[in-house]
Amino acid sequence: MNDLKEISEPAYNWLMKKAPTEWSKSHFRTSVKCDMLLNNLCESFNSTILDSRDKMIITLLESIHFWLMGRMCKKRQSVSKWNYLVGKRIFDIIEKNKKVAQQCICTKSIDGSFQVTYITGQVLSVNLETRTCTCRSFDLTGIPCGHALACLWFSNLDAYEFVDPCYKKEAFEATYAKGITPMPSSDEWENKDKNPILPPPETVLPERPKKSRNGEVNEPPACATKLRKTPQTNQCSNCKQRGHIKTI
């Protein structure tokens, strides 16, 4: 925070007004097993209903119902194809952490405690019984970090047994065990003899209706990752001089 204050004091003051649990991984709770700082789940859902969210409420709900029914069916079928106790994303993370584990030296202390020395000289403390590491990656995600993997290799233990149960096959099977039931069209619905709920009067606003949401103040534009075109100087094909072309 002191380094940030030297770079930008307004940014320092803006962050100090917020609780550290909202933006700093050092203050995240380790019980939720999530280290995400982004709202990607909301963005994914928003992009999914983009074509339907400006429709009438019944049409919107039917669209969400149809999408959820198909998604849960695909997820239920994909879990049965897992080759490991965890999904491919968690498997790839563990494989990536193995490269860090290969550069660690473990020294056993007592019970499940280890002192781990990384190739850079960094020294960390790992406890396999509490499933914690001073790098906090093991604590926050529930996935063994590279330092913890080195200790597991030292103890001849299976790394997948130390992955949090929320990532394992049993948890995903329980999540998608119940599907979304099919629903007939509105002409097949039972008539309850109630007064129908009519939609509000339609008001046509000027200009074309917006499809994309309004971005935050500090949010980069959608094309922020694109490189700008390098300015070029034209050359005349007749006089071979720069600054104009043949037709001008």
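This is a predicted model: local features need pLDDT of at least 70, side-chain atom pairs count only at pLDDT 80 or more; totals for chains, interfaces and linings use all residues.
## Salt bridges

The structure holds 3 salt bridges. Side chains of opposite charge can pair when their charged atoms come close.

Asp54 counts as exposed, because its relative accessibility is 51% and exposed means over 50%. Lys55 is partly exposed, at 43%.

## Helix 5

Helix 5 spans residues 88-101 and includes both Lys88 and Asp92. These residues sit 4 apart, about one turn of the helix. Their side chains form a salt bridge, with an N to O distance of 2.9 Å. Lys88 is exposed, with a relative accessible area of 62%. Asp92 is partly exposed, at 36%.

Glu95 and Lys98 also lie in helix 5. They are 3 residues apart, again about one turn. A salt bridge links them, and their closest N and O atoms are 2.9 Å apart. Lys98 is partly exposed, with a relative accessible area of 25%. Glu95 is partly exposed too, at 30%.

## Nonpolar surface patch

Ile57, Ile58, Leu61, Met183 and Trp189 make a nonpolar surface patch. Its area is about 490 Å².

Leu61 belongs to helix 4, which runs over residues 57-79. Leu61 has a relative accessible area of 47%, so this residue is partly exposed.

Technical notes. Residues are numbered from 1 along each chain as its sequence is written. Side-chain values use heavy atoms; hydrogens and water are left out. Patches are made of residues with over 30% relative accessible area and no salt bridge: like charges are joined within 9 Å, nonpolar side chains (Val, Leu, Ile, Met, Phe, Trp, Tyr) within 5 Å. Accessible areas come from the Shrake-Rupley method with a 1.4 Å probe; for residues, only the protein chains shown count as cover. A salt bridge is a side-chain nitrogen of Lys or Arg within 4 Å of a carboxyl oxygen of Asp or Glu. Helices (H or I, at least four residues) and strands (E, at least two) are DSSP runs, numbered from the N terminus. Buried means under 20% relative accessible area, exposed over 50%, partly exposed in between (1.4 Å probe, protein chains only).
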